[in-house]
Amino acid sequence: MKIPKTADIVGVINKIAPIALAEAWDNSGLQIGDPAAGVTRIMVALDPTPDVIDSALKASCQLLVTHHPLIFKPLKSISAATPHGASIQKAIKGGLSILSMHTNYDIASGGLNDLLAAKIGLTGCAPLKVTTTGELVKLVVFVPGDQLEKLRSVLSPYAAAGAKYRDCTFAAEGIGTFTPLEGANPFTGTVGTLAKVPEERLELLIERSQLPRAVKALLAVHPYEEPAFDIYPLLNEGEKMGIGRIGRLAEPVTLAEYADRLRKVLSAPALRYVGDPAARISKVALCSGSGASLLHDAAMSGADLLVTGDVKYHEARDAEDLGLALIDAGHFPTEIIMVDEITERLGRALLTSGYTECQVEACRTESDPFRI
Ligand SMILES: [Zn+2]
């Protein structure tokens, strides 16, 4: 029986949506709660509204995972006289931690924008606007030849590579020298004598974010008392990640047909669109939630259409001027799809991590505040 702490779940979520990907203006991550508290029940929801917090407490959850952050602007008070303050007080008093995965989940590979892209039939997707390019470093470690394979097997899973390769490393032979001093307990060689040892130089590229884990793994298996390794900064660019997606439909369709299809797959009661209903659509840009600020990025990328929510009148006019079709499918319908997805993925990730005593459930009480 293994019960995770809140901090353990933060670690699991960080693999699905690395916090380092969040936009600078965002406030993703643990909003309130105790990182050391044990968690046996988790609820997943889109918004940390008072009703959702009530649902989570009623279901005896100790953690609520939401897309939108509970705390976004700096707080001036936490008064129970305001709905926001009352929510924070109620969650703390009820022992409910609240964690949000917002722009880090939008941007992450396999995150909300990829989920929406798959849902609306897009393939071959790339980020619409790149917000981060993975930083790469080179890790070089020197090891006796007979220990090379052991070290390679431990480090190669950390190697950064393209989508079609893995376990990329390089090794070359050389001679290492050292003189063990008084008090040393050398793996090879004698105290006070210069040792010349045939060694291998093992090197690999690693995403900067993976480096601490890789070094820890290296230190755990390297035979030397004081392993020699170097970390080089690089100018190579890593994986490009960003907000929104652009991809293609399997078959071109008219704007009117596609709008109708979207309304059905997103279970939206209605949606609005801008453009000629008969226009042929094949290249589609999207941004879940609120993405009309990406109109120009979509037009510049050669998209026929941008799918998003929260479109204002003048943004609709801008789309007309750009000759870009625009579908406003709503903030809620383009994002509520994360609830089932995260419930399932988080549940699976917890089991994989050995946390068999922690249940994840979807909040079923949320609805779109806009009615038609
Ligand atoms: Zn949103």
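# Helix packing and loop residues in a predicted chain

Helix α6 passes helix α7 in a right-handed crossing; a crossing is right-handed if the near helix is turned clockwise from the far one by less than a right angle, and left-handed if anticlockwise. The structure is a predicted model, in which local features need pLDDT of at least 70 and side-chain atom pairs count only at pLDDT 80 or more, while totals for chains, interfaces and linings use all residues. Residues are numbered from 1 along each chain as its sequence is written.

The chain as a whole contains 12 helices and 13 strands, these being DSSP runs numbered from the N terminus (H or I over at least four residues for helices, E over at least two for strands). Its C-alpha trace spans about 85 × 50 × 35 Å along the principal axes. Of the 372 residues in the chain, 35% are buried. A residue is buried if 20 or more other C-beta atoms, placed from the backbone, lie within 10 Å of its own, exposed if 12 or fewer do, and partly exposed in between. Among contacts in the chain with a separation of 6 or more, 72% join residues 24 or more positions apart; a contact requires C-beta atoms, placed from the backbone, within 7 Å of each other.

To return to the opening pair, two packed helices are described by the angle between their axes and the distance between the axes. The axes of α6 (residues 148–155) and α7 (residues 211–221) come within 9 Å and cross at roughly 155°. α6 is therefore roughly antiparallel to α7. The axes are lines fitted to C-alpha atoms, for helices over the stretch in contact, with angles running from 0 to 180 degrees between N-to-C directions. Angles under 35 degrees count as roughly parallel, over 145 as roughly antiparallel, 65 to 115 as roughly perpendicular, and the rest as oblique. From α6, the residues Lys150, Leu151, Val154 and Leu155 meet Ala214, Ala217, Leu218 and Val221 of α7. This contact of α6 with α7 comprises seven nonpolar, no polar and one charged residues. In this classification Ala, Val, Leu, Ile, Met, Phe, Trp, Tyr, Cys and Pro are nonpolar, Asp, Glu, Lys and Arg are charged, and the others, Gly among them, are polar.

Helix α1 takes part in another helix pair. Its axis lies 10 Å from that of helix α12 (residues 338–352), and the two helices pack at an angle of about 120°. α1 is therefore oblique to α12. Here too the handedness is defined: α1 passes α12 in a right-handed crossing. Val12, Lys15 and Ile16 of α1 meet Arg345, Leu346, Ala349 and Leu350 of α12. The residues of this contact of α1 with α12 divide into five nonpolar, no polar and two charged.

Which residues of α1 (residues 6–16) are buried? They are Thr6, Ile9 and Ile13. These residues lie on the same side of α1, because they cover an arc of only 60° around the axis, the arc being that of the directions from the helix axis to the C-beta atoms. The buried residues of α1 pack against strands β3 (63–66) and β4 (97–100).

Pro18 lies in the loop between α1 and β1 (29–32). Pro18 counts as buried, because 20 C-beta neighbours lie inside 10 Å. Beyond its neighbours within four places in sequence, Pro18 is in contact with Asn104, Ala108 and Ser209. The C-alpha atoms of Pro18 and Tyr105 are separated by 7.7 Å, although these residues are 87 residues apart along the chain.

Leaving aside neighbours within four places in sequence, the contacts of Ala303 are Ile246, Lys283, Val284, Ala285, Ala298 and Leu324. Helix α10 (residues 313–322), by contrast, is hardly covered, with one buried residue among its 10 residues. Just after α10, Gly323 takes a positive phi of about 70°.

Most residues other than glycine have a negative phi. Asp167, in the loop between α6 and β6 (170–178), has a positive phi near 55°. Ser60 counts as partly exposed because it has 13 C-beta neighbours inside 10 Å. Asp167 counts as partly exposed, with 13 C-beta neighbours inside 10 Å.

Definitions and conventions. Contact = placed C-beta atoms within 7 Å.
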